[in-house]
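Dear colleague,

Please find below the structure that I am handing over to you, followed by an account of what was found in it.

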Amino acid sequence: MLISELASILPAEFIGQSHDHEVDTLVYDSRRASSSTRELFIALPGTHHDGHDFIPSLYQLGVRNFLVSRQIKAENYPEATFLVVKDTLVALQSLSTHHRKQFDLPVVGITGSNGKTIVKEWLATILEQQWNVVKSPKSYNSQLGVPMSVWNLEKTHEVAVFEAGISKTGEMEALERIIQPTLGIFTNIGNAHASGFQSLKGKVTEKALLFAHCEKIICRLDHTSIVEQLRNLPATLITWGINQPDAAINIIPSGSDFDFHYHGAHSTFSIRFDNPFDLENIFHAITAALVLGETNTNIQKAIDKLKPVPMRLELKRGNNNTHILDDSYNNDFMGLSIALDYLRQQPQKLRKTVILSDMLQSGKDPKALYGDINGLLEKHSIDHLIGIGPGMVQNQAVFSMPFEGYLSTNDFLRSVPSFSNETILVKGARDFELERVVHFLEEKNHGTILEVNYESITHNLNVYRQILKPRVKLMVMVKAFAYGVGVEEIAHLLQYHKVDYLGVAYLDEAVTLRRKGITLPIMIMNVDWSSFDLLETFDLEPEIYSLSMLRHFLEVTDNPPPIHLKIETGMNRLGFQVEDLEKLTAMLLQNPQLKVAGIFTHFSSSDAAEEDAFTRKQAAAFDQAYDRLATALGYFPIQHALNSAGIMRWPAFQFDMVRLGIGLYGFDSSSTTNQLKPISTLKTKISQIKPVKQGDSIGYSRMGRVDREGKIATIAIGYADGYSRLFGNGNAYVLVNGQKAPTIGNICMDMTMIDVTGLDAKEGDEVIVFGEQPNIRELAKWAQTIPYEILTNVSQRVKRVFVSE
């Protein structure tokens, strides 16, 4: 609709009326904006960033439509239009509420503590057999995500499935107005109430507000607190239960078959899942499909396609210096848009390739649909498109980039082209099984992976940013392969989030980052003197820590890059002593061509309260040295001293910049905060399970002894993967299907044996070596070391997979 129409709906002050553009796309992240005049940028104020601050750069990019809550000097933006409102988030919600009212169709609203996203995805899969479905992308269920989801409703849609999540009282009423569900699903409720609610009952009451005007609501009869609350609503309550005749839908299991008795009839569905959580989710979805009138045949057809695949993007390393962005679970237009946005922050290869299947059940004319897809791919500068499916092949003429078409996934796999130095997004409808393409292209390993969560890293980054004073810069340390996580991927994420500096230990780490497309300033803490000539070539800033090092640096560099001077204040590692400052000052003044970018020190005990007096002494000594050098130089280099623990404990010493290290990766050695999230999970699989008898020995040197008849499992991880021999012989445990399984016998180079006696375990099951439980702190305690060592010890042969929820 036209900007003037939006202004009338909100209402908003309309500035720049001579440019009344037509708008169909809403953007709230400046990094995802394009030069299209059909986009409206929503300037959202936030804890760490304010969208208003990006208006000048977005205008230069070509953005012309802005929704703002500040008065703007419109004369600075002569070609732009501004809608000025009191609160941009509330305005966005109002727009989506108005948009929703234009449609009369069944809308399913889903809430609960767990399972919302999987129920939404599985229900959409079932309904797509007959109808054109619009759904929330990924986990878009927040105060921001819900209006962005509902905005995607179009005239061609026949059913909508949206999820709603809240974190405190007072949030659900706004989401209900936006979604206006006709059918509700309340999945479950957590055993403990969250901090945003006064009680568990209060949490149920608030979530139930989503169904205030529903016609029908679905829930499980066993969830009594939910049932009691929902009975107070005017809607028809449809409960389901297993072997519960009192439920509106009584489900009677018989092996893998389940009879659904509903309205005097029964339907039988064959379900291969046996996990109780999966079954609960699928029963919610089947119940909703039956209520909406879906046929048994279509429901079973969809059930056969369902896979317990996580609803998230996964970045994996491929062969020939490629990265694979795996989003092969489903394919719709908004999901493709999100995946392409996500592609922007990935390692910058020379080429960006998209492998895309037909987009099924869109309800649009195929030529128009693929024309829209081409516009989306053009906007994201895709170099190469591979289409799989007859729809892609038949409409290949609409694509403006180099195109290869294959009628089926098998056809593609039989003649896979050569990929090199590129990032490949794989996105497809379930019918095309593009996970086989991902498996074919990804770097192979023995089944052990380190799964790294991008959202957790971003969360931790923002925890520290929130502590910083205005204008304090942030350097993030990515040395030691980004603390064992994966330097290329982490560096690109940090560049995407606009940190100020990266810090590494050695030159080769910095050169690798430059070759991988990192343009941020990089400080090297321990550069080899013989490599000084490479610093200028790669625009790198070395730490200089002695007079002899500085002298040699000046002798071998004709055009020296900026440097950082390390001052010794008590760590007694590297650094200029106080008695060196006079000669250092003289050398700097004799070489005015040399720019000092920073002057820094390192606090030895910023995490230890008992050493606070020593930390203050270090800070005072550093301040004096800095003042002396800055006065002599006649300018003020960046002053920095704090590490992760220091950022938390010593805000007075933030100076001009801080250096974030282990905190980014989820650990606060000062133990002053519990806000950080673990970012990684080390997983492997059970290779074999075998019975053992009392008295049997296990492993090398017969160190493991069985004191009863039972079962052991061999898992695919050993000390060559970084799982220390100290963890053997029952000194550690792993998690198998949520159950603790202690080690037994010595840890081998490539394998470990665990005791699974009495546990629900089978060959091929996933095993958690560390994550939320057991966590890295526990492993560090068992090995009598620190979390740094556990994290950095994970071998390079362990495959890294980067996930985004």
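Is the crossing of α9 and α10 left-handed or right-handed? The crossing of α9 and α10 is right-handed (a crossing is right-handed if the near helix is turned clockwise from the far one by less than a right angle, and left-handed if anticlockwise).

Some conventions come first. This is a predicted model, in which local features need pLDDT of at least 70 and side-chain atom pairs count only at pLDDT 80 or more, while totals for chains, interfaces and linings use all residues. Residues are numbered from 1 along each chain as its sequence is written, and side-chain values use heavy atoms, with hydrogens and water left out. Helices (H or I, at least four residues) and strands (E, at least two) are DSSP runs numbered from the N terminus.

Helix pairs

Helix α9 (residues 276-291) and helix α10 (residues 296-303) have axes that come within 10 Å and cross at roughly 155 degrees. Axes here are lines fitted to C-alpha atoms, for helices over the stretch in contact, and angles run from 0 to 180 degrees between N-to-C directions. The two helices α9 and α10 are therefore roughly antiparallel to each other (angles over 145 degrees count as roughly antiparallel, under 35 as roughly parallel, 65 to 115 as roughly perpendicular and the rest as oblique). On the α9 side, Ile282, Ile286, Ala289 and Leu290 meet Asn296, Ile299 and Ile303 of α10; contact means heavy atoms within 4.5 Å. Six of the residues in this contact are nonpolar, one is polar and none is charged. In this classification, Ala, Val, Leu, Ile, Met, Phe, Trp, Tyr, Cys and Pro count as nonpolar, Asp, Glu, Lys and Arg as charged, and the others, Gly among them, as polar.

Helix α11 (residues 333-343) and helix α12 (residues 366-379) pack at about 10 degrees, with their axes 10 Å apart. Helices α11 and α12 are therefore roughly parallel to each other, and their crossing is right-handed. Phe333, Leu336, Ser337 and Leu340 of α11 make the contact with Asp372, Ile373, Leu376 and Leu377 of α12. By class, this contact has six nonpolar residues, one polar and one charged.

Helix α6 (residues 172-179) is mostly covered, with six of its eight residues buried (buried means under 20% relative accessible area, exposed over 50% and partly exposed in between, with a 1.4 Å probe and protein chains only). The buried residues are Met172, Ala174, Leu175, Glu176, Ile178 and Ile179. They pack against α3 (88-100), β6 (107-111), α5 (145-150), β8 (159-163) and α7 (200-208). The angle between α3 and α6 is about 35 degrees, and their axes lie 7 Å apart. Gln93, Ser96, Thr97 and Arg100 of α3 form this contact with Ala174, Arg177, Ile178 and Ile179 of α6. Its residues divide into three nonpolar, three polar and two charged. Just after α6, Gln180 takes a positive phi of about 50 degrees.

Strand β8 contains Glu163, which is buried, with a relative accessible area of 0%. Leaving out residues up to four places away in sequence, Glu163 touches several residues, including Lys116, Lys120, Lys138, Tyr140 and Ile179.

Nonpolar cores

The largest nonpolar core has 138 residues, and those with the most contacts inside it are Val478, Ile490, Leu502, Leu550, Leu565 and Tyr665. A nonpolar core is a set of buried Ala, Val, Leu, Ile, Met, Phe, Trp, Tyr and Cys residues joined through side-chain atoms within 4.5 Å. Helix α23 (residues 612-633) gives the most to this core, with seven residues. Apart from this core lies another, of 40 residues, among them Ile118, Phe269, Leu306 and Tyr329.

Backbone points

Two cis peptide bonds may interest you. The bond from Leu10 to Pro11 is cis, with omega near -15 degrees, and Pro11 lies in the loop between α1 (3-9) and β1 (13-15). The bond from Gln773 to Pro774 is also cis, with omega near -15 degrees, and Pro774 is placed in the loop between β37 (766-770) and α25 (776-782).

Arg702, although not a glycine, has a positive phi of about 55 degrees. Arg702 lies in the loop between β31 (697-698) and β32 (704-705) and is partly exposed, with a relative accessible area of 47%.

Yours sincerely
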